[in-house]
Amino acid sequence: GSRTVLGATDPSEETEDVLIRAVAEAVPEALSTGGSTDGNVELLHVNCEGCEYEVVESMRHIGLLARIKHVQIATHLLDP
């Protein structure tokens with residue numbers, strides 16, 4: 001599902017509210033509005049600061065990974 005991460009409560013601090021969406025929700029929407037004529041994606045670049053593996057696994061699990069021709073993953077080493 002989606003959730004919103006709110007910024008600081010001190011009005012003197014510069015913050016921005018961020019909506020975090022599940023890959024199962026966001027990617028199908030992007031595929032339907034991205035201008036693709038066949039519903040597929042030529043290239044997906046994943047760089048989400050440590051959750052890349054979970055994102056790609058989620059996409060595979062719900063069948064979205066098969067609709068992407070090339071996937072680039074910016075990996076981040078996990079602490080041992």
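**The largest pocket and its surroundings**

Three elements each put at least two residues into the lining of the largest pocket: α1 (23–33), β3 (41–46) and α2 (52–61). Helices here are DSSP runs of H or I with at least four residues, strands are runs of E with at least two, and both are numbered from the N terminus. The model is a predicted one, where local features need pLDDT of at least 70 and side-chain atom pairs count only at pLDDT 80 or more, while totals for chains, interfaces and linings use all residues. Residue numbers start from 1 along each chain as its sequence is written, and side-chain values use heavy atoms, with hydrogens and water left out.

Back to the pocket itself. The largest pocket holds about 280 Å³ of space. Of its 15 lining residues, Arg 21, Val 23, Cys 48, Cys 51 and Val 55 are the closest to the centre. A pocket, on a 1 Å grid over the protein atoms alone, is an open set of points where a 1.4 Å probe fits, with protein on both sides within 12 Å along at least five of seven lines, and lining residues have an atom within 4 Å of a point. The volume is the space filled by probe spheres set on the points, which are joined across faces, edges and corners. α2 gives the largest share of the lining, 4 residues. Sorted by class, the lining has 10 nonpolar, 3 polar and 2 charged residues. Ala, Val, Leu, Ile, Met, Phe, Trp, Tyr, Cys and Pro count as nonpolar, Asp, Glu, Lys and Arg as charged, and the others, Gly among them, as polar.

As for the overall layout, the protein chain has 2 helices and 4 strands, following the pattern β-β-α-β-α-β along the sequence. β3 runs parallel to β4 (residues 68–73), with 5 bridges between them; strands pair if DSSP finds at least two bridges. Together with α2, these two strands form a right-handed β-α-β unit. Right-handed means that, with the strands pointing away from the viewer, the path from the first strand over the helix to the second runs clockwise. Across the pairing, Leu 44 sits opposite Val 71 in β4, and Val 41 sits opposite Ile 68 in β4.

Val 41, part of strand β3, is partly exposed with a relative accessible area of 21%. The cut-offs are under 20% for buried, over 50% for exposed and in between for partly exposed (1.4 Å probe, protein chains only). Leaving out residues up to four places away in sequence, Val 41 touches Leu 31, Arg 67, Ile 68 and Lys 69, contact being heavy atoms within 4.5 Å.

Leu 64 lies in the loop between α2 and β4 and is buried, with a relative accessible area of 5%. Beyond its neighbours within four places in sequence, Leu 64 contacts Val 23, Val 27, Pro 28, Leu 31 and Met 59. Leu 64 and Val 23 are 41 residues apart along the chain, with 9.5 Å between their C-alpha atoms. Val 27, in helix α1, is buried too, at 16% relative accessible area. Val 27 touches Met 59 as well as Leu 64, not counting residues up to four places away in sequence. From Val 27 to Met 59 the C-alpha distance is 8.5 Å, across 32 residues of sequence.

For the whole chain of 80 residues, 14% count as buried. Among contacts with a separation of 6 or more, 47% join residues 24 or more positions apart.
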